[in-house]
Amino acid sequence: MSTLEILFYALSAFVIISAIMVLVSKNPIHSVLWLILVFFAISGHYILLNAQFLAIVNIIVYAGAIMVLFLFVIMLMNVKQENEFKKHLLVKFIGVLSGGSFLVLLVALVKQTVQLQGQKVLLKEGNIGLIHPLGKALFTDYVVPFEISSVLFLSAMVGAVIIGKK
Amino acid sequence: MPIQYYIYLCLALFSIGVIGVLTRRNAIIVFMCIELMLNAVNLLLVAFSKMFHGAALQVTPGTTAGIDAQIFVFFIMVVAAAEVSVGLAIIVMMFRNTHSVDINFLNRLKN
């Protein structure tokens, strides 16, 4: 087994275990911390795929900004742990059952797909994930969506302020 | 690395997000599970991008085929950041009105 495979399996196990812990944790703050671990492991996957720009952006935007926003809101609301609302056990079971059957269905579908047989993912070769090709593509072919996303940010900011002021 | 491994990993991550949305009642946890699903899709897009790039490199060396998926992931991250700011504002407003983040309080919307 090569080093890349060992890294892939270790990061994958880390992602899955942390994602399960997000659901299992009773305290929302623990869930947020586990989710930050998930994002760091996914950034590790991006580095493994040589998508360095996305790895850094994932850490800065998700683990840095979004999760801090989540923590901020949770601590602001100060939700008591004792009145943690329980869902009915039957509803929980049905939820896990439907999610699991969704997973089984799609895995079976992927296993049977002929077009995906023998396709390999380039792990460390290929330089499309570096800043230079990405920036070139972003400011030539995708400059209009890039500008529109700034308008989206402006409207999201105005919306958040208006909703929060009421 | 075969593409199937990445697909299985992302499917597992996405299904964990789906199960979380279906089983938890805390609105913030539900929101976090939606983020989890978005990240599973992002990882899958990057894996497919590298798969496509690897196939195109063998035909024409020095090509930048497959870069579109990574640009797409970048835009998904942008939209997710905007979505989180508005969604958390809505959750804060809901907490201010009902003093709870239980999503079952929201069923009064149906009347």
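This is a predicted model: local features need pLDDT of at least 70, side-chain atom pairs count only at pLDDT 80 or more; totals for chains, interfaces and linings use all residues.
The contact between the two chains involves 59 residues of chain B and 67 residues of chain A. On the side of chain B that touches chain A, two or more residues come from each of H1, helix H2 (27-59) and H3 of chain B. The greatest share belongs to H3(B), with 21 residues. By type, this side of chain B consists of 43 nonpolar, 12 polar and 4 charged residues.

The axes of H1(A) and H1(B) come within 10 Å and cross at roughly 5 degrees. An angle under 35 degrees counts as roughly parallel, and H1(A) and H1(B) are therefore roughly parallel to each other. On the side of H1(A), the residues that meet H1(B) are A:Ser12, A:Val15, A:Ile16, A:Ala19, A:Ile20, A:Val22 and A:Leu23. Their counterparts in H1(B) are B:Leu9, B:Ala12, B:Leu13, B:Ile16, B:Ile19 and B:Gly20. Of the residues in this contact, 11 are nonpolar, 2 are polar and none is charged.

The second pair consists of helix H6 (residues 143-165) of chain A and helix H3 (residues 67-98) of chain B, which pack with their axes 9 Å apart and at an angle of about 10 degrees. Because of that angle, H6(A) is roughly parallel to H3(B). H6(A) contributes A:Pro145, A:Ser149, A:Leu152, A:Phe153, A:Ala156, A:Gly159, A:Ala160, A:Ile163 and A:Gly164 to the contact. H3(B) contributes B:Phe75, B:Val78, B:Val79, B:Ala82, B:Ser85, B:Val86, B:Ala89, B:Ile90, B:Val92 and B:Met93. Here 15 residues are nonpolar and 4 polar, with no charged residue.

H6(A) itself has 23 residues and reaches 34 Å from its first C-alpha to its last, close to the 33 Å expected at 1.5 Å a residue. H6(A) is hardly covered, as the count of buried residues among its 23 residues is 1.

Two single residues were also considered. B:Phe14 is found in helix H1 (residues 3-23) of chain B. B:Phe14 counts as buried because 23 C-beta neighbours lie inside 10 Å, where 20 or more are required. Apart from residues up to four places away in sequence, B:Phe14 touches B:Met37 and B:Ala40. From B:Phe14 to B:Val101 the separation is 87 residues in sequence and 24 Å in space, C-alpha to C-alpha.

A:Asn50 lies in the loop between helix H2 (28-48) and helix H3 (52-77) of chain A. With 19 other C-beta atoms within 10 Å, A:Asn50 is partly exposed. Most residues other than glycine have a negative phi. The phi of A:Asn50, in contrast, is positive, with a value near 60 degrees.

How values were computed
Residues are numbered from 1 along each chain as its sequence is written. Chains are lettered from A and ligands numbered from 1 in the order in which they are written. Helices (H or I, at least four residues) and strands (E, at least two) are DSSP runs, numbered from the N terminus. A residue is buried if 20 or more other C-beta atoms lie within 10 Å of its own, exposed if 12 or fewer, and partly exposed in between; C-beta atoms are placed from the backbone. Two residues are in contact if their C-beta atoms, placed from the backbone, lie within 7 Å. Axes are lines fitted to C-alpha atoms, for helices over the stretch in contact, and angles run from 0 to 180 degrees between N-to-C directions. Angles under 35 degrees count as roughly parallel, over 145 as roughly antiparallel, 65 to 115 as roughly perpendicular and the rest as oblique. Ala, Val, Leu, Ile, Met, Phe, Trp, Tyr, Cys and Pro count as nonpolar, Asp, Glu, Lys and Arg as charged, and the others, Gly among them, as polar. The expected span of a helix is 1.5 Å times one less than its number of residues.
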